[in-house]
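Hi everyone, thanks for making the time today.

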Amino acid sequence: MNKDIKYFGIDISHLFFDVTDSDGNYYQFKNNLTGFKKFVKLLDLKSHCVMEATGYYHYQLAYYLQEKGFKLSVENPLSVKRFIQMKLSKIKTDKSDSKLICEYAKQVKLKLWKGNSKHQLECLQMTRTLSAYTKQSTMLKNKLHGEAVLGTPSKSVVRSLKRSLKHVEKEIKTIEEDLLILVKEVHNDVLTRLKSIPGIGPKTSLMLVVLTDGFERFTSGSELCSYAGLTPTIRQSGSSVKGRSRISKIGNQKLRNLLFMCSFNACKYNKACRDLYQRIVAKGKSKKLALIAVCNKLLKQVFAIAKSGLIYDGNYKSTFVKN
């Protein structure tokens, strides 16, 4: 802990946010512009604000603080939760949470929050909307199937479901087209090169670019794999407890799920991934474990292509060739 820094632990909800500082002082403000202006009067250049990533509620305050030039860290809620559990606290209130977040800030190494550009924010909004529409589409298709199984489905119900499905699919197509145009404005080169990797299609390459913000925040393939939650965790204690290694799953779930779906095609068409999969299965390991290893391999290929300015070439020794 840096003694010259004054930490402010922030527990934020829909209507209010609670604050406890390093000196133990407690405050509560409205979660709106008026509350933000009152809060920053407490801050100076030595202040460091710390909050959890709480869905959508923390965004407005986080961007406001960033715009005003104050130090800010937005922490993984799981990390904060584990810290609170270690404290064995029996009291669960917004006031107590802000106090524990402040204690957490004093004892861990914090990373400054960078936020996203307006371009990236719009891309992510489109992605979330696509996800919601895709779920609706699946639900409507399942409902249509269920009605057909009855044998004598209501014509009125079927017509209604088909109209809804047609509308949702039209919206999906429109947003996908708008998203592609938006991404091409900034990341067209990376987008084009990613499609050269066997197992990575146009939609997948688009989502990879969006979910990683064009890979600009990552310095290595391993760092990117960690962000996706694909790095293994080792469970071992003494000489008796030796648990099976598993992926951490502490990371971007959408990116992890996307790669897992890609791993099936990669095992067919991507030689490096196919060879890796076959080696692991030949050793008697599970197919799921092999697919996770393929996800890891595939993501490192993606990172190498994105950062090198090269395109994929399966016949070339290093698997890449100048674009």
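Predicted model: local features only at pLDDT ≥ 70, side-chain atom pairs only at ≥ 80, totals over all residues.

Glu 52 belongs to strand β4. And which residues does Glu 52 touch, leaving aside those up to four places away in sequence? The list is Ile 10, Asp 11, His 58, Val 74, Glu 75, Pro 77, Val 80 and Ile 101.

Now let me step back to the whole chain. There are 11 helices and 11 strands. Of the 323 residues in the chain, 41% are buried. If we take the contacts with a separation of 6 or more, 58% of them are between residues 24 or more positions apart. The accessible surface of the chain is about 19600 Å², and carbon and sulfur atoms account for 54% of that.

Next, the inside. In soluble globular proteins, nonpolar side chains tend to be buried together. Here, the largest nonpolar core has 53 residues, and Leu 194, Leu 208 and Phe 215 are the ones with the most contacts inside it. Two or more residues of this core come from each of α5 (118-149), α6 (155-194), α7 (202-212), α8 (221-228), α9 (253-269), α10 (271-282) and α11 (287-308). Which element gives the largest share? That is α6, with 12 residues. There is also a second, separate core of 21 residues, and Phe 29, Leu 43, Met 51 and Leu 72 are among its members.

Nine of its 11 residues are buried, so α7 is largely enclosed by the rest of the structure. The buried ones are Thr 204, Ser 205, Leu 206, Met 207, Leu 208, Val 209, Val 210, Leu 211 and Thr 212. They pack against α5, α6, α8, α9 and α11.

Most residues other than glycine have a negative phi. Asp 213, which follows α7, has a positive phi, near 55 degrees, and it sits in the loop between α7 and α8. Is Asp 213 buried or exposed? Its relative accessible area is 11%, under the 20% cut-off, so Asp 213 is buried.

Phe 215 lies in that loop between α7 and α8 too, and its phi is also positive, near 65 degrees. With a relative accessibility of 0%, Phe 215 counts as buried. Not counting residues up to four places away in sequence, Phe 215 touches Val 190, Leu 194, Leu 208, Val 209, Leu 224, Val 302, Ala 306 and Lys 307.

UniProt, in an unreviewed entry, places a "coiled-coil region" at residues 158-185. In the model that span is 100% helix and 0% strand, and its end C-alpha atoms lie 41 Å apart.

Now over to helix α2, residues 59-67. Its buried residues are Leu 61, Ala 62, Tyr 63, Tyr 64 and Leu 65. Their cover includes β1 (6-12), β2 (16-21), α1 (33-40), β4 (47-52), β5 (71-75) and α5. After α2 comes Gly 69, with a positive phi near 85 degrees.

My last topic is the aromatic rings. The structure holds 11 aromatic pairs. One of them is Phe 17 with Phe 36, a tilted pair with 6.1 Å between the centres and 45 degrees between the planes. Phe 17 is in strand β2 and Phe 36 in helix α1, 19 residues apart, and both are buried. Another pair, Tyr 63 with Trp 113, is edge-to-face, at 4.9 Å centre to centre and 70 degrees between the planes. Tyr 63 is in helix α2, while Trp 113 is in the loop between α4 (94-107) and α5, 50 residues apart. The relative accessible area of Tyr 63 is 19%, so Tyr 63 still counts as buried under the 20% cut-off. Ring pairs also link Phe 8, Phe 17, Tyr 27, Phe 29, Phe 36, Phe 39 and Tyr 64 into a cluster.

How values were computed. Residues numbered from 1 in each chain as written. Heavy atoms only, no water. Core = buried A, V, L, I, M, F, W, Y, C linked by side-chain atoms within 4.5 Å. Buried < 20%, exposed > 50% of the residue type's maximum accessible area, 1.4 Å probe, protein only. Helix = DSSP H or I, 4+ residues; strand = E, 2+ residues; numbered from the N terminus. Contact = heavy atoms within 4.5 Å. Areas by Shrake-Rupley, 256 points an atom, 1.4 Å probe, with all protein chains shown as cover. UniProt positions renumbered as here; feature names shortened; annotations may be inferred. Phe/Tyr/Trp six-rings, centres within 6.5 Å; stacked < 30°, edge-to-face > 60°.
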